[in-house]
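Please look over the sequence and the model shown below before reading on. The report then takes up charged pairs, nonpolar cores and a surface patch in turn.

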Amino acid sequence: MTDPSAPTPSLLRHPGLVAAIGARALSSFAGQVQAVAVGWQIYALTHSAAALGFVGLAQFLPMMACIFPAGHAADQYNRQRIVVICQSIAMLAAALMAYASFTHQLSAGMIYGLVAIFGTCKAFEMPAQQTFLPSIVPPALFPRATALSSSLFQVASIAGPSLGGLLYGLGAGVCYSLCTLSFAIAALATWSMVMTRPVRPRQKATLAAIFGGIAFLRRKPTMLGAISLDLFAVLLGGATAMLPMFATDILHAGPWGLGLLRAAPAVGALLVAAILARHPLGHHAGRWMFASVAVFGVATILFGLSRSIGASVLMLAILGGADVISVMVRGALVQLGTPDEMRGRVSAVNMLFIGSSNQLGEFESGMLAAVMGPVAAVVLGGIGTLVITGVWMGLFPGLRKLDRLEDITTDTL
């Protein structure tokens with residue numbers, strides 16, 4: 001077994017790892033650039049706030065509608081081929097958007113249709129893509145590989161919106177051209193990956209098979225506890241949805257302050273992920289997860305009470321860093337604790353939970369802020385996160401007692 005304390009270069013020598021995490025980061029980067037460009041362009045075309053909401057809906061609805069069939073497909077067919085096909089379709093859609101933008105033919109209707117294609121591709125790409133790491137690295141190195149992948153993902157989350165905003169000044173077509181190139185490189189990187197392909201039994205696309213991930217999680221309380229804890233933490237602690245209000249009305253920081261606030265969680269996440277890539281969690285992983293969610297809640301409360309831009313940025317950075325620990329533990333449980341023939345469907349459920357919590361968390365925060373104001377809404381959300389953490393520690397003792405991530409197997413949960 002590979003020594004988990006070995007230096008990082010030994011991790012990168014695993015065939016296919018650099019290609020896998022690089023492709024994921026590039027695909028995410030392209031999606032971030034595309035989101036910025038689409039937002040600016042649709043508003044320039046329509047001057048309608050509702051149109052911005054329709055863009056999100058056009059991507060969200062097909063993704064949610066396809067997620068369970070996508071998980072089933074990931075467990076039945078070649079996952080590597082599925083991801084390459086999705087990234088190639090996204091590349092062609094981005095190329096079409098670039099051409100239509102350069103020739104001034106891109107309409108709002110075309111944008112909605114192409115964004116729906118992106119959402120469908122994402123639904124099929126992610127459950128298959130999330131199963132790659134367990135097939136590339138041994139369990140002893142999985143936490144470090146996850147941290148390294150998360151580091152690159154956070155870099156993409158920071159660089160994508162920033163570069164997208166800068167390049168939009170040269171025209172939306174330039175942004176979409178960059179997306180086309182990024183998706184193309186991601187598809188080539190995925191195609192070049194070296195990974196084992198175990199033979200998986202074929203199942204008919206029955207309702208029981210398609211929704212098998214839900215039935216599996218009901219039999220695995222530790223895994224269910226980790227996924228649901230993250231769901232409620234993000235649902236209740238949705239401080240990021242309130243950032244424009246805090247930057248304008250409370251911190252009086254202006255656009256530059258909003259940029260700092262938006263970047264802070266990703267910067268904190270990047271720093272913690274980089275540390276964990278070299279120094280992974282040792283023992284008591286379950287306690288670390290509960291502690292990180294509690295820190296997430298406390299940082300949310302302190303952010304809500306802050307009246308200083310510096311303190312607010314610091315709290316958001318701590319919040320982002322704490323979230324990485326929770327994501328890492330949950331990722332190890334989902335991927336290492338799930339049999340290979342079920343990983344696609346369980347990853348799909350995980351995606352649904354986390355995606356829904358982000359969307360619903362923004363809605364919950366917005367509605368609560370409309371009733372009691374942004375400060376009370378954020379503080380109450382942080383308190384709710386702490387309450388959920390305490391309740392979940394009692395409801396899921398197996399998660400609380402979880403020790404080393406590298407020891408997780410399908411038989412230990």
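The sections below begin with the basis of the model and then turn to its side chains.

## Basis of the model

This is a predicted model, in which local features need pLDDT of at least 70 and side-chain atom pairs count only at pLDDT 80 or more, while totals for chains, interfaces and linings use all residues. Residues are numbered from 1 along each chain as its sequence is written, and side-chain values use heavy atoms, with hydrogens and water left out.

## Salt bridges

Side chains of opposite charge can pair when their charged atoms come close. Taking a salt bridge as a side-chain nitrogen of Lys or Arg within 4 Å of a carboxyl oxygen of Asp or Glu, the count comes to six. Among them is the pair of Asp75 and Arg345, whose closest N and O atoms are 2.8 Å apart. This pair links distant parts of the chain, since Asp75 lies in helix H3 (residues 49–76) and Arg345 in helix H16 (residues 343–372), 270 residues apart; helices here are DSSP runs of H or I with at least four residues, numbered from the N terminus.

Asp75 also forms a salt bridge with Arg79, again with the closest N and O atoms 2.8 Å apart. Salt bridges that share partners join Asp75, Arg79, Asp340, Arg343 and Arg345 into one network.

## Nonpolar cores

A nonpolar core is a set of buried Ala, Val, Leu, Ile, Met, Phe, Trp, Tyr and Cys residues joined through side-chain atoms within 4.5 Å. The largest such core has 69 residues, of which Ile136, Met223, Leu333, Leu399, Leu402 and Leu405 touch the most other members. Helix H15 (residues 309–336) gives the most to this core, with eight residues.

Beyond its neighbours within four places in sequence, Leu405 is in contact (heavy atoms within 4.5 Å) with residues including Pro143, Leu281, Met328 and Leu336. A second, separate core of 29 residues includes Val33, Ala90, Leu114 and Phe118.

## A nonpolar surface patch

On the surface, Val298, Leu302, Leu305 and Leu386 form a nonpolar patch with about 320 Å² of accessible area together. Patch members have over 30% relative accessible area and no salt bridge, with nonpolar side chains (Val, Leu, Ile, Met, Phe, Trp, Tyr) joined within 5 Å and like charges within 9 Å; the areas come from the Shrake-Rupley method with a 1.4 Å probe, and for residues only the protein chains shown count as cover. Helix H14 (residues 285–305) supplies the largest share of the patch, three residues, and Leu305 lies in this helix.

Methods
Helix = DSSP H or I, 4+ residues; strand = E, 2+ residues; numbered from the N terminus. Buried < 20%, exposed > 50% of the residue type's maximum accessible area, 1.4 Å probe, protein only.
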